[in-house]
Amino acid sequence: MDHAAELNADAGRVVLIGFGLGAIPATLALTNLADEEDEGDEGRVAGLAVLSGVFDLEAVRHTFLNAQLQIDQASAATHQPFRIVGSLPRPRPTVWLAVGEQETDEFHRNMVLFARVADDGGCPLSASTAKGHNHFSLLAELANPSSSITTELIAVFGAQDWS
């Protein structure tokens, strides 16, 4: 956010997007902006958009992925996005979540879990299941400006009061 003006961008219109495990750094980045926002609106971010988000690091810790990630119990507890919603900036950012209909139950569980926490935490929320899509086809839809996923994403954040 510090360099938005240099890029001729409006920092208040930035939407952080995460895919899969990328949901975690995108969500954590919002918590880092909370302190900056207390000093003014320069750090304000429009929201968080997550496709096929993985939010439950404790579950990831018990999969084959942890051979590369090396998440220990303490890190899993500290960096769980659903445990830090209270640390998000105020006003709470809009959260948009999508999961593919054909994804595993774990992806659906993660979306429901984070949606519930974000909603309870006061975030404006939109969550949907994309019919006929899997983990990779869902992401590919963002490349198509007329796809239902891209249209929904633009509608959610385009409807915001940017003032």
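**Exercise 1.** How many cavities of 30 Å³ or more does the count give?

The model is predicted: local features need pLDDT of at least 70, side-chain atom pairs count only at pLDDT 80 or more, and totals for chains, interfaces and linings use all residues. Residues are numbered from 1 along each chain as its sequence is written, and side-chain values use heavy atoms, leaving out hydrogens and water.

Step 1. A cavity is a set of points on a 1 Å grid over the protein atoms alone where a 1.4 Å probe fits but cannot get out; lining residues have an atom within 4 Å of a point.
Step 2. The count is one cavity of 30 Å³ or more.
Step 3. The largest cavity holds about 30 Å³, volume being the space filled by probe spheres set on the points, which are joined across faces, edges and corners.

**Exercise 2.** Find which residues of helix 7 are buried and where they lie.

Step 1. Buried means under 20% relative accessible area, exposed over 50% (1.4 Å probe, protein chains only).
Step 2. In helix 7 (residues 148-158; a DSSP run of H or I, at least four residues), the buried residues are I149, T150, L153, V156 and F157.
Step 3. They lie on the same side of helix 7 because they cover an arc of only 130° around the axis, taken from the directions from the helix axis to the C-beta atoms.
Step 4. Exposed S148, I154 and G158 are on the face turned away from that buried side.

**Exercise 3.** Is H133 buried or exposed?

Step 1. H133 sits in the loop between strand 4 and helix 6.
Step 2. With a relative accessible area of 13%, H133 is buried.

Note on methods: On a 1 Å grid over the protein atoms alone, a cavity is a set of points where a 1.4 Å probe fits but cannot get out, and a pocket is an open set with protein on both sides within 12 Å along at least five of seven lines; lining residues have an atom within 4 Å of a point. Helices (H or I, at least four residues) and strands (E, at least two) are DSSP runs, numbered from the N terminus.
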